[in-house]
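Subject: Structure handover, aromatic contacts

Hello,

Here is the structure I promised to pass on. Please open it next to this note; my findings follow below.

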Amino acid sequence: MKLNWNDIDTVLLDMDGTLLDRHFDDHFWLEHVPKRYAAKHRLPLDEAKSFLYSHFRSQENTLNWTDLDYWTEQLGLDIPLLKQEVDHLIAVHPFVVEFLLYLKRHDKQIYLVTNAHSKTLALKLNKTRIGPYFTGIISAHELGLPKEDVAFWTALHHRIPYRPERTLLGEDSETNLSTAQCYGIKYLIYVSRFSSTVKPEASVSYTSIHYFSQLIPPEGEHEVTLT
């Protein structure tokens with residue numbers, strides 16, 4: 001795939017796993033929350049994990065999946081407070097800042113488009129300080145639809161101006177890339193290195209990158225070749 005930045009006006013970027021290391025989220029939901037839940041209810045950790053993992057899976061592809069208020073009510077735990085206990089794990093992927101600077105230098109419209117809840121956004125933007133790089137920040141909770149729903153991209157188009165045929169989307173979710181593709185977004189990039197603790201695997205359906213440095217052309221050029 002040849003990517004010419006002269007053909008792109010708008011860049012939409014996911015947050016967790018795409019710009020930020022998903023190790024924080026995986027550790028939080030798969031280890032930290034079960035540990036706290038088991039302690040509260042005096043359960044063996046394995047039993048707590050079995051119950052919680054099943055409950056989590058039941059809400060996949062819905063807004064509840066990332067709704068901290070929903071999980072606080074469901075689990076009887078202060079989820080935002082628990083996130084602060086392990087916020088030292090929040091980290092920006094390598095070369096993300098360099099990529100954002102490249103986009104700003106070339107006058108691209110840059111939007112952070114995420115399923116993350118507002119309380120998660122506040123915590124992570126405060127920790128990483130990447131907010132000022134974006135033209136705008138949109139949470140799926142504001143639109144009432146998750147990115148897994150094709151209708152999300154229509155709702156997003158009503159919120160921000162972009163031409164799908166001149167737009168690039170960076171995501172670590174093939175499902176979200178698929179719904180964006182159905183809507184007509186032309187340039188779709190799968191971020192295979194979504195976690196620093198998981199071996200990256202390229203997508204069979206979408207152009208894949210490990211790092212955003214792969215999208216930055218050599219100085220003075222506008223095109224990169226992706227395999």
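First, a term: buried means under 20% relative accessible area, exposed means over 50%, and partly exposed lies in between (1.4 Å probe, protein chains only).

The model is predicted, so local features need pLDDT of at least 70 and side-chain atom pairs count only at pLDDT 80 or more, while totals for chains, interfaces and linings use all residues. Residues are numbered from 1 along each chain as its sequence is written, and side-chain values use heavy atoms, without hydrogens and water.

I looked at ring pairs. Rings of Phe, Tyr and Trp (its six-membered ring) pair if their centres lie within 6.5 Å; planes under 30 degrees apart are stacked, over 60 edge-to-face, the rest tilted. The whole structure holds 12 aromatic pairs.

One is phenylalanine 95 with tyrosine 211: centres 5.4 Å apart, planes at 80°, therefore edge-to-face. Phenylalanine 95 is partly exposed at 36% relative accessibility. Tyrosine 211 is also partly exposed, at 26%.

Another is phenylalanine 99 with phenylalanine 212. This pair is stacked, with 4.8 Å between centres and 20° between planes. Both residues are buried.

There is also a cluster. Ring pairs join Phe24, Phe28, Trp29, Phe56, Tyr70 and Trp71. Over the ring of phenylalanine 28 sits the charged end of lysine 83, 5.4 Å from the ring centre. That label requires NZ of Lys or CZ of Arg within 6 Å of the ring centre and within 35 degrees of the ring normal.

Best wishes
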